[in-house]
Amino acid sequence: LLTGVKKLLLTHPRDQGAVEPSTAPARVLFGPPPGTATGDRGRDLVDFLKQVTLFKDLGRGDLRQLARIVHERSYRDGEYIYEQGKPGVALFVIRSGVVEIVRRRQNGEEVPVALLEPPASFEELAVTETAVVRWASARARGPVSLVALGSSDLDALSHNLPLLANKILKKLVQIAAIRLQMLVEAEYFQEDDKESKP
């Protein structure tokens, strides 16, 4: 399965030639994780992760552990972060810039769905290895810096630090439940509006 995922997803141009066959799929997508969670850059990343709804309940020790395994990646204006119809293997958090979510119609036209700004997270379910196929595409609007957590990273975390992985998974479930409820309510009220119009 992982070999198939590697074939479906392209490496970033800067990463070409640097990826070893034994490297985890998330490393292929996002490059190596930041060196350590110490020093100015590490503290900065820990402080950033604390602002993210998904990680806000984690203590500093947990955030330092998380900062050691996440991947940072930069995108140019118009560059796709992922494309509709392809499998997802990571969740993303916007560190800087704006990400546009677009849905491609059957005629090829792309319809804007949302604009996301820091510290928004998106594609959370992809990290759970539930064979999620992306229903939309995401692309950078201007320069964008992202932090990503791959499904293989979360899997390794569940083996090495199960309590931390459990905290993240619990928050993922809460976020997914809230979003599902919002979608159901939006659909319900949309149907309600249709019925009330003559």
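D77 is exposed, with a relative accessible area of 58%; exposed means over 50%, buried under 20%, and partly exposed in between, using a 1.4 Å probe and protein chains only. D77 sits in the loop between β1 and β2 (80-82). Helices (H or I, at least four residues) and strands (E, at least two) are DSSP runs, numbered from the N terminus. This is a predicted model, in which local features need pLDDT of at least 70 and side-chain atom pairs count only at pLDDT 80 or more, while totals for chains, interfaces and linings use all residues. Residues are numbered from 1 along each chain as its sequence is written, and side-chain values use heavy atoms, with hydrogens and water left out.

What does D77 touch, leaving aside its neighbours within four places in sequence? D77 is in contact (heavy atoms within 4.5 Å) with A140, R141, G142 and P143, once those neighbours are set aside. D77 and R141 lie 64 residues apart in sequence, but their C-alpha atoms are 5.1 Å apart in space. The side chain of D77 also reaches the backbone nitrogen of G142, at 2.7 Å.

Now step back to the whole chain. The protein has six helices and six strands. From the N terminus on, its elements run α-α-α-α-β-β-β-β-β-β-α-α. Of its 198 residues, 40% count as buried. Take the contacts between residues at least 6 apart in sequence: 70% of them join residues at least 24 apart.

Next come the nonpolar cores. A nonpolar core is a set of buried Ala, Val, Leu, Ile, Met, Phe, Trp, Tyr and Cys residues joined through side-chain atoms within 4.5 Å. The largest has 24 residues, and L49, F55, L66 and I168 touch the most other members. At least two residues of this core come from each of α3 (39-51), α4 (60-69), β3 (90-104), β6 (137-150), α5 and α6 (162-196). The largest share, five residues, comes from α6. A second, separate core holds 16 residues, including Y75, A90, V99 and A136. Back in the largest core, look at L49. Leaving aside its neighbours within four places in sequence, L49 is in contact with F55, L63, L66, A67 and V147.

In α4, the residues D62, L63, L66 and A67 are buried. Seen down the axis of α4, its buried residues fall within an arc of 140 degrees, so they line one face of the helix. The arc is that of the directions from the helix axis to the C-beta atoms. In α5 (residues 151-160), the buried residues are S151, D153, L154 and L157. They cover an arc of only 155 degrees around the axis, which puts them on the same side of α5. On the other side of α5, H159 and N160 are exposed.

K167 is found in helix α6 and is partly exposed, with a relative accessible area of 43%. The side chains of K167 and D62 are joined by a polar contact of 2.7 Å. A polar contact is a pair of N or O atoms within 3.5 Å; within protein, one must be able to donate a hydrogen and the other to accept it, and residues adjacent in sequence count only if both atoms are side-chain atoms. Leaving aside its neighbours within four places in sequence, K167 is in contact with L58 and D62. K167 and L58 are 109 residues apart along the chain, with their C-alpha atoms separated by 7.7 Å.

Another polar pair involves a strand. E72 is found in strand β1 (residues 71-75). At 19% relative accessibility, E72 counts as buried. A polar contact of 2.5 Å joins its side chain to that of R95.

E123 lies in the loop between β5 and β6. At 14% relative accessibility, E123 counts as buried. Its phi is near 60 degrees, a positive value in a residue other than glycine.

One more backbone feature remains. A cis peptide bond joins P118 and P119, with omega about -5 degrees. P119 lies in the loop between β4 and β5.
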